[in-house]
Amino acid sequence: MTDVTTAMGSEQVLGKAIAVRIRDLRRDQNLTLDRLAKLSGLSKGTVVSLEQGKANPSIGILCRLAAAFSLSVADLLNDEASTVRLPIERTETRTLWTSAKGSFAQLHSSTSGRTMFELWSWVIMPGDVFSADAHSPDTRELISVSQGALSVVVGAHVVILSEGESARLVTDQPHSYAAASDVPAHFTMAVLERGGHRDPGHSSTAAKIQGPVP
């Protein structure tokens with residue numbers, strides 16, 4: 001129970017930090033609230049709530065916002081993108097999803113920049129389901145189950161992975177993960193999503209012409 005409470009507290013801190021980050025990025029890129037909502041596929045009300053720190057962003061929302069800003073999720077979570085390129089760089093583990101039952105997802109490491117190459121670990125408790133919207137075209141995931149059994153649904157396709165089994169997925173359509181037995185499912189995930197994009201009509205020059213945003 002303590003771990004879950006701590007994770008929930010971390011989510012609240014994350015929500016407040018993301019609020020400031022969204023506002024700064026939106027103004028730096030000269031995007032209106034309406035424009036950011038359109039680029040991210042979120043409602044304007046959701047964007048406003050996130051920017052005001054009144055909502056804790058889900059993993060799906062973080063991915064949409066990162067794509068809208070042409071950033072990786074790691075860059076979205078950090079105050080600024082990493083500019084140091086060393087052979088080895090330490091990264092910070094962040095808990096980005098928890099449930100009342102005790103499920104959680106942690107982002108351990110990610111490349112910097114538009115292309116999202118991420119390393120995750122997950123625990124899905126019995127009775128929990130994590131559902132995700134479609135990612136960008138041709139997004140790939142590699143998953144490996146270390147404990148329990150995992151039900152994976154991608155579109156109309158379903159597979160049950162047992163302990164020690166792995167799979168590769170194309171998650172550019174709705175997908176979900178759930179424990180497939182009465183014990184928690186532990187698994188790792190690597191995600192390759194080639195970063196967000198702007199439509200051709202919205203260049204940085206066009207943004208400057210629009211003038212200041214609210």
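1. Which residues touch the most other members of the largest nonpolar core? In this predicted model, they are Ile59, Trp120, Trp122, Ile143 and Phe187. The core holds 46 residues. Helix α4, spanning residues 59–68, gives the most to this core: seven residues. In soluble globular proteins, nonpolar side chains tend to be buried together.

2. Leaving aside residues up to four places away in sequence, Trp122 touches Ile59, Trp97, Phe104, Ala105, Phe130, Ala185, His186, Phe187 and Met189. Two of these partners, Ile59 and Phe187, are also listed with Trp122 among the core residues that touch the most other members.

3. Now the overall picture. The protein has six helices and ten strands. Of its 214 residues, 43% count as buried. Take the contacts between residues at least 6 apart in sequence: 65% of them join residues at least 24 apart. The exposed surface comes to about 11500 Å². Carbon and sulfur atoms supply 54% of that surface.

4. Helix α2 covers residues 33–40. Its buried residues are Leu33, Arg35, Leu36, Ala37 and Ser40. Note that Arg35 and Ser40 are on that list. An α-helix has 3.6 residues a turn, so residues three or four places apart point the same way. Gly41 follows α2, and its phi is positive, near 75°.

5. The structure holds five salt bridges. One of them joins Lys44 to Asp34, with the closest N and O atoms 3.6 Å apart. Lys44 sits in helix α3 (residues 44–51) and Asp34 in helix α2, so this pair ties together parts that are ten residues apart in sequence.

6. Arg64 forms a salt bridge with Asp133. Here the closest N and O atoms are 2.7 Å apart. What does this pair tie together? Arg64 belongs to helix α4, while Asp133 lies in the loop between β4 (129–132) and β5 (140–147), so the link ties parts that are 69 residues apart in sequence. Arg64 counts as partly exposed at 27% relative accessibility. Asp133 is partly exposed, with a relative accessible area of 45%.

7. Glu92 and Arg94 also meet through their side chains in a salt bridge, at 3.7 Å from N to O. How do the two partners stand in accessibility? Glu92 has a relative accessible area of 55%; the cut-off for exposed is over 50%, so Glu92 counts as exposed. Arg94 has 23% and is partly exposed.

8. Last, a hairpin. Strand β6 (residues 150–154) and strand β7 (residues 157–161) pair in the antiparallel sense. Five bridges connect them. Which residue of β7 stands opposite Leu150? The answer is Leu161. Two residues lie between the strands. Gly155 is in the turn and has a positive phi of about 60°. In a regular strand the side chains alternate between the two faces of the sheet.

Note on methods: Residues numbered from 1 in each chain as written. Predicted model: local features only at pLDDT ≥ 70, side-chain atom pairs only at ≥ 80, totals over all residues. Heavy atoms only, no water. Buried < 20%, exposed > 50% of the residue type's maximum accessible area, 1.4 Å probe, protein only. Helix = DSSP H or I, 4+ residues; strand = E, 2+ residues; numbered from the N terminus. Pairing = 2+ DSSP bridges. Core = buried A, V, L, I, M, F, W, Y, C linked by side-chain atoms within 4.5 Å. Contact = heavy atoms within 4.5 Å. Salt bridge = Lys/Arg side-chain N within 4 Å of Asp/Glu carboxyl O. Areas by Shrake-Rupley, 256 points an atom, 1.4 Å probe, with all protein chains shown as cover.
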